[in-house]
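Good morning, and thank you for coming. Please look at the sequence and the model on the screen while I go through a few of their features.

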Amino acid sequence: MAGIGFELRKLLRKDTLSGLLQAYAFAGIIGSGPWILSIVGILAIGLLSHAVVVPSFLVTQFQTSVTYLITISLVLTGGLQLAFTRFVSDRLFEHSDDSVVPNLNGILLMVLSGAAVFSMSSLFAVFSDLGVIYRLLLMAGFMLLCAIWIITIFLSGMRRYQAIVALFALGYSITVALALLLRPLGLEGLMAGFVIGHCVLLAGMWLLVVRDFRPQRFIAFDFLKPGALYPSLIIIGLCYNLGLWADKLIFW
């Protein structure tokens, strides 16, 4: 977030109306762009699928499923997002750039494994009235979202704001296009489009990181060493996402 502040100060130094408007536009796009693109994408899928997907309540079921996936994935990964970003910042301060990607791969493996276990033990039970294929797609979508939140906050720390928005735009364009193409298959078709689009989004983000840092080894778990992660940041990240979704959970 400090990096965003530096960019805004550059724009505000112009001391003109255009500079002020550019600063507000930059802050809005960078701060909310990924969220807005995801919401618009899911709404577009719903609006354009009601006349094709039969029965139509399946579209609402799809949107509800995605909302649950986003909520749970953000809450469960919230504790790691800030703590890992601080870990990476410390390594960069020490000029240990070669340790960034291996530890990113390590935390992604840990998050994906945890998400898989959670999906098998919880999501399969909650959505037990739905087909196996749809539940497997839910599991894949949940795992992808958990990994995407980690790498998104990582790229934010690297001040790659434009790249984040561009990749989200690409990923959700593919999500919407494929969901609409596969919507005759019903609930499974809509979720398949969601999963494939997010595969592209995650792959694009990961390749961007690898291109920037060029790792010497593939995986490491240095972030699990005592003192590497700050417990206060883990608590803050968890409470932030719980607070963000608390009112929605109460309404539901």
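Let me begin with a term: a polar contact is a pair of N or O atoms within 3.5 Å, and within protein one of them must be able to donate a hydrogen and the other to accept it. Please also keep in mind that this is a predicted model.

With that term in hand, consider D222. The side chains of D222 and R217 are joined by a polar contact of 3.3 Å. Where in the chain does D222 lie? D222 belongs to the loop between α7, residues 187-213, and α8, residues 231-251. Leaving aside residues up to four places away in sequence, D222 touches F87, N103, R217 and A228.

Let me now step back to the chain as a whole. The protein chain has eight helices and zero strands. Read from the N terminus on, its elements therefore run α-α-α-α-α-α-α-α. Of the 252 residues in the protein chain, 45% count as buried. The accessible surface of the protein chain comes to about 12700 Å², and 71% of that surface belongs to carbon and sulfur atoms. As for contacts between residues at least 6 apart in sequence, 78% of them join residues at least 24 apart.

I turn next to helix packing. Two packed helices are described by the angle between their axes and the distance between the axes. Consider α6, residues 161-182, together with α7: their axes come within 7 Å and cross at roughly 155 degrees. Angles over 145 degrees count as roughly antiparallel, and α6 and α7 are therefore roughly antiparallel to each other. The crossing of α6 and α7 is right-handed.

Helix α7 also packs with α4, residues 100-126, at an angle of about 155 degrees, and the axes of these two helices are 9 Å apart. That angle makes α4 roughly antiparallel to α7. Which residues make this contact? From α4 they are V100, V101, L104, N105 and L108, and from α7 they are W206, V209, V210 and F213.

Finally, let us look at L244, which lies in helix α8. Is L244 buried, exposed or partly exposed? Its relative accessibility is 32%, so L244 counts as partly exposed. L244 and L74 are 170 residues apart in sequence, and their C-alpha atoms are 9.7 Å apart in space.

Technical notes: Residues are numbered from 1 along each chain as its sequence is written. This is a predicted model: local features need pLDDT of at least 70, side-chain atom pairs count only at pLDDT 80 or more; totals for chains, interfaces and linings use all residues. Side-chain values use heavy atoms; hydrogens and water are left out. Helices (H or I, at least four residues) and strands (E, at least two) are DSSP runs, numbered from the N terminus. Buried means under 20% relative accessible area, exposed over 50%, partly exposed in between (1.4 Å probe, protein chains only). Contact means heavy atoms within 4.5 Å. Accessible areas come from the Shrake-Rupley method with a 1.4 Å probe; for residues, only the protein chains shown count as cover. Axes are lines fitted to C-alpha atoms, for helices over the stretch in contact, and angles run from 0 to 180 degrees between N-to-C directions. Angles under 35 degrees count as roughly parallel, over 145 as roughly antiparallel, 65 to 115 as roughly perpendicular and the rest as oblique. A crossing is left-handed if the near helix is turned anticlockwise from the far one by less than a right angle, and right-handed if clockwise.
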